[in-house]
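Hi,

Here is the structure I promised to pass on to you.

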Amino acid sequence: MKINLINKKILVTGGAGFIGSNLCEQLLLKGNKVVCLDNFATGKKENLESFEENKNFTLIKGDIRNLEDCLKATKNVDYVLHQAALGSVPRSIKDPITSNDVNVSGFLNMLVASKENNIKRFVYAASSSTYGDSKALPKIEDKIGKPLSPYAITKYVNELYADIFSKTYGLETIGLRYFNVFGRRQDPNGAYAAVIPKFVSQLMNLESPTINGDGNYSRDFTYIDNVIQANFLSILADKKAVNTVYNVAYGDRNTLNDLMGYLKKYLSEYNAEINDVEITYGPNRQGDIPHSHASVEKAKKLLNYNPQFSLQKGLKEAVNWYWKNL
Ligand code: NAD
């Protein structure tokens, strides 16, 4: 899909992280100027390696909890792609105060700075966790349940603040509710690693991965290139598509057992022994919802979103990347 996004100046907050660094890289490849604001809380210098020397790239080491840093980063910028946050439900259960400081106060600072510096549009990473305990499937944007974790609350509060900023100050905003994103550069290490990179790394080391629960929980796993597409389209979308939120997913669901099956299959093409690694099962995790499956009809209709990567197609790409880079 060809997206004509060129000659803009775009701030990517959290640009040293998994999603942010992929956004920076693709924006630069298209011929845009990119500013990255990151405090390297979870982001890594090595994520910037492939484009750090690009003359159109500027790195600002700073913290979204500091309004001055946000004002500096938004100066003379056309658009903001706000990705900086502390992810992970378990992290927010362990330390809700820091998650709130970064994800809520930091978000508010970024909205204020964007308003002060007359940003044309503020596109931000929202989350499928906002659906909370709603059992309805597929998930449709205006039908949410009660949040199941401090993290989910922070992401919902982001949506409320964005809505108020658009109504009160006329700041154009678009929230993208990402569903379980995966792909190149997602960190496999640490206590709060996401399942796909963690399982890939364990299988590659012939270690036995543990699935939380019986493996029948399902997710709408979303390849990074679908997420990049949604962000780019949000910058370009016409005014009737703004001041709202969209699901960003592939629009399908697979169980954890399905996922493990694909991973073993694709990874054993590199090392046949991986097929024999045993899978273990542990207790369900607190704050996890059983099933998640997005309707992507709204994004298709208003943003022209057309996700190109199914779980299987994305996994083949991701596995290949991890095999070369881990
Ligand atoms: P990530 O941890 O790889 O990236 C987050 C980035 O934000 C990191 O580079 C980190 O250093 C930076 N950051 C954290 N606190 C900061 C602060 N105080 N000031 C400046 N920078 C700060 O995570 P990711 O998976 O790339 O997630 C990006 C965004 O997408 C987050 O807002 C996350 O909540 C959201 N999201 C991600 C997923 C997913 O599946 N990965 C799903 C839903 C929503």
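This is a predicted model: local features need pLDDT of at least 70, side-chain atom pairs count only at pLDDT 80 or more; totals for chains, interfaces and linings use all residues.

The ligand has 27 residues around it, and the ones that come nearest are Asp 38, Thr 42, Asp 63, Tyr 151 and Val 181. The side chain of Asp 38 places an N or O atom 2.6 Å from an oxygen atom of the ligand. For Thr 42, too, a side-chain N or O atom lies 2.6 Å from a ligand oxygen. The backbone takes part as well: a polar backbone atom of Gln 83 is 2.9 Å from an oxygen atom of the ligand. As for cover, the ligand taken alone exposes 820 Å², and the protein buries 90% of that.

Which elements build the shell? Helix 1 (18-29), strand 5 (121-127) and helix 5 (150-169) each give at least two residues to it. Strand 5 has the largest share, with three residues. Sorted by class, the shell around the ligand holds 14 nonpolar, nine polar and four charged residues.

The helix pair is worth a look on your screen too. Helix 6 (residues 195-204) and helix 8 (residues 256-268) have axes that come within 11 Å and cross at roughly 45°. An angle under 35 degrees would count as roughly parallel and one of 65 to 115 as roughly perpendicular, so helix 6 and helix 8 are oblique to each other. The crossing of helix 6 past helix 8 is right-handed.

Terms used: Residues are numbered from 1 along each chain as its sequence is written. Side-chain values use heavy atoms; hydrogens and water are left out. A residue is near a molecule or strand if one of its heavy atoms lies within 4 Å of it. A polar contact is a pair of N or O atoms within 3.5 Å; within protein, one must be able to donate a hydrogen and the other to accept it, and residues adjacent in sequence count only if both atoms are side-chain atoms. Accessible areas come from the Shrake-Rupley method with a 1.4 Å probe; for residues, only the protein chains shown count as cover. Helices (H or I, at least four residues) and strands (E, at least two) are DSSP runs, numbered from the N terminus. Ala, Val, Leu, Ile, Met, Phe, Trp, Tyr, Cys and Pro count as nonpolar, Asp, Glu, Lys and Arg as charged, and the others, Gly among them, as polar. Axes are lines fitted to C-alpha atoms, for helices over the stretch in contact, and angles run from 0 to 180 degrees between N-to-C directions. Angles under 35 degrees count as roughly parallel, over 145 as roughly antiparallel, 65 to 115 as roughly perpendicular and the rest as oblique. A crossing is left-handed if the near helix is turned anticlockwise from the far one by less than a right angle, and right-handed if clockwise.
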